[in-house]
Amino acid sequence: MLGFVLFLVLSCNAAEDKAIPLVINTWKFTEATERAWEVLSASSNALNALVAGCSRCEELQCDGTVGPGSPDESGETTLDALIMDGENMNIGAVANLREIKNAIGVAKHVLLQTEHSLLSGSQATDFAVSMGFQKESLSTNQSKKMWENWRNSNCQPNFWRNVKPNPKSECGPYSPIKRNDINSCDKRMKYNFNNNNHDTIGMIVIDSHSHIYAGTSTNGAKFKIPGRVGDSPIPGAGAYAENGIGAAAATGDGDVMMRFLPSFTAVENLRNGMQPREAAKNAIDRILKYYPDFTGAVIVARYTGEFSAACAGMKKFPFSVRRNKQTNVQVIEIDCELSN
Ligand code: SD4
């Protein structure tokens with residue numbers, strides 16, 4: 001597989017190019033790109049292509065952060081996924097989905113079979129079962145081991161603050177500390193980005209008629225507090241699409257990103273005349289203004305097929321692309337903005 005992947009290291013501006021149809025997704029998830037491209041080429045159906053691409057990552061458990069196998073504090077894995085149709089602004093999403101492996105598949109049913117936009121938790125599971133999905137455990141041997149190691153290391157890292165016992169050295173259960181003791185200067189935990197602790201798949205598919213779909217699938221943040229929902233299923237945060245303008249999808253520290261709607265911002269930037277690179281960079285810069293240590297990335301594509309990305313908090317950010325007249329998936333790596 002890797003033999004067929006063209007690997008490019010490009011400067012940010014050089015990453016812009018033109019041509020549709022287009023499949024572009026976050027990270028080196030080239031098998032997902034390839035799968036989406038196959039479906040797009042065979043059927044010209046951008047929705048099915050996006051669902052097939054993201055489903056491939058769920059099956060592969062891409063980097064352990066899409067699909068099953070990522071424990072929260074209780075050891076359970078829950079999933080977030082989103083699909084947005086740029087033609088009619090319809091959305092189907094699931095958040096904190098329990099016991100169903102194919103989150104993007106369920107999001108497709110929310111999109112097509114309901115007038116809602118987002119279903120969550122156990123009731124999203126019930127909905128999935130009624131649509132024909134099978135209920136099964138999302139734990140794996142590896143996620144069980146990870147969870148045991150986490151418990152044995154005093155539940156570090158975790159996402160608690162201003163509670164007792166001290167969450168930086170002890171496990172819960174926690175209770176709130178008195179208001180006077182709250183340290184408002186307490187710095188946000190640095191999102192620990194390594195190959196097993198990041199990597200939402202965010203994907204944009206544009207068919208030859210410029211019909212755009214954008215979507216995401218992820219198991220969120222490892223050792224999240226049960227019930228936590230990240231940016232990925234939130235329209236405008238995890239992804240956004242509008243025909244005639246373009247689309248964007250995000251990956252990274254979702255608790256911060258959802259405060260800024262970077263995918264929506266990037267698409268608005270395209271609407272206002274920015275080039276994809278500038279549109280992506282501006283969306284990231286708005287976050288960096290308040291969270292200089294923020295880690296994450298946004299991919300952006302114009303409806304005509306030009307694309308780019310911007311990122312922060314890592315050295316480099318790779319994304320995968322397959323487009324018209326190209327025989328292989330390309331991995332493009334851009335330099336990120338680093339914190340001061
Ligand atoms: C989340 N944004 O749930 C996701 C995780 C991720 O790269 O993308 N990590 O916060």
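User: Which hand does the link of cysteine 57 and cysteine 62 have about the S-S bond?
Analyst: The link of cysteine 57 and cysteine 62 is left-handed, with -95° about the S-S bond, and its S to S distance is 2.1 Å. This is a predicted model, in which local features need pLDDT of at least 70 and side-chain atom pairs count only at pLDDT 80 or more, while totals for chains, interfaces and linings use all residues. Residues are numbered from 1 along each chain as its sequence is written, and side-chain values use heavy atoms, with hydrogens and water left out.
User: How many disulfides does the count come to?
Analyst: Three, where a disulfide is a pair of cysteine sulfur atoms within 2.5 Å.
User: Switching topic, where do cysteine 311 and cysteine 336 lie?
Analyst: These two form a disulfide with sulfur atoms 2.2 Å apart. Cysteine 311 lies in strand E13 (residues 307–312) and cysteine 336 in the segment after strand E15 (330–335), so the pair ties together parts 25 residues apart in sequence; strands (E, at least two residues) and helices (H or I, at least four) are DSSP runs numbered from the N terminus.
User: Are cysteine 311 and cysteine 336 buried or exposed?
Analyst: Both cysteine 311 and cysteine 336 are buried.

Terms used
Buried means under 20% relative accessible area, exposed over 50%, partly exposed in between (1.4 Å probe, protein chains only).
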